[in-house]
Amino acid sequence: TISRLAQRSGLFDPIRTLVSDGIPVYGSCAGMIMLSDRVLDGREDRPSFGGIDIAVRRNAFGRQVDSFEADVVMPVIPGDPFPAVFIRAPWVEETTDSVEVLARVADPGSPGRIVAVRQGRLLATSFHPELTPDRRVHQYFLQIVKGDARAAIPSGQPRSTRRQLSTPSAGSCLPSWSRTLKLPLAPVVATRQATRRSTTPF
């Protein structure tokens, strides 16, 4: 939908040029898809802006009824784990050495699904920080914009929990676009518990 609207409005090429020229951009959920260079299950007539050398899979965690929250620990954000909201979220399946993995959510049968990445001035997350009352991700974003962000060195790979959303159909996978600078982050792992899969079409 984002790609189609951007093409129809004449904004696709200008935005892609800005991203290529190095404008700081942050994309969450669908925004991660739009910032990826490769969409594994995408359509040729619905290109992405690109910029981050990753391959993503759309709706990778399941349908809307499979939406969930996971307490993701990010060393650059002080305090408790961040309550990340995943709604029909993508995950990253392929990266290159130029991409820094910022966070993972463990998934049965995998060492951990990549849900946050950075490449240069481009940041992308599978989850929606804007759908929680917790402002720390955006506060950190503002610190980065002002040039006040400091690197954080993790002492290990902290674990966290996952819980099903009580009303998964209430949300929708709306993109959140912001601007950011280079993030000095490190990989983090969150534990993902198994949830049911639904065949109910949406």
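## Salt bridges and a buried glycine

Asp-53 and Arg-38 form a salt bridge, with their closest N and O atoms 2.8 Å apart. (A salt bridge here is a side-chain nitrogen of Lys or Arg within 4 Å of a carboxyl oxygen of Asp or Glu.) Asp-53 sits in strand β3 (residues 52-57) and Arg-38 in strand β2 (residues 36-39), so this pair ties together parts that are 15 residues apart in sequence. Helices (H or I, at least four residues) and strands (E, at least two) are DSSP runs, numbered from the N terminus.

Welcome to a predicted model, in which local features need pLDDT of at least 70, side-chain atom pairs count only at pLDDT 80 or more, and totals for chains, interfaces and linings use all residues. Residues are numbered from 1 along each chain as its sequence is written, and side-chain values use heavy atoms, with hydrogens and water left out.

- The structure holds six salt bridges, including the one between Asp-53 and Arg-38.
- Arg-38 also meets Glu-94 through a salt bridge between their side chains, at 4.0 Å from N to O.
- Glu-94 belongs to strand β6 (residues 91-95) and Arg-38 to strand β2, so their pairing ties together parts that are 56 residues apart in sequence.
- Arg-38 is partly exposed, with a relative accessible area of 30%, and Glu-94 is partly exposed at 39%. (Buried means under 20% relative accessible area, exposed over 50%, and partly exposed in between, using a 1.4 Å probe and protein chains only.)

**The pair Arg-57 and Glu-93**

- Another salt bridge links Arg-57 with Glu-93, whose closest N and O atoms are 2.6 Å apart.
- Arg-57 lies in strand β3 and Glu-93 in strand β6, so the pair ties together parts that are 36 residues apart in sequence.
- Arg-57 is partly exposed, with a relative accessible area of 30%, and Glu-93 counts as partly exposed at 35%.

**Gly-50 in its loop**

- Gly-50 is found in the loop between β2 and β3.
- This glycine, Gly-50, is buried, its relative accessible area being 7%.
- Beyond its neighbours within four places in sequence, Gly-50 is in contact (heavy atoms within 4.5 Å) with Val-19, Met-34, Leu-35, Ser-36 and Asp-37.
- Val-19 and Gly-50 are 31 residues apart in sequence, and their C-alpha atoms are 7.7 Å apart in space.
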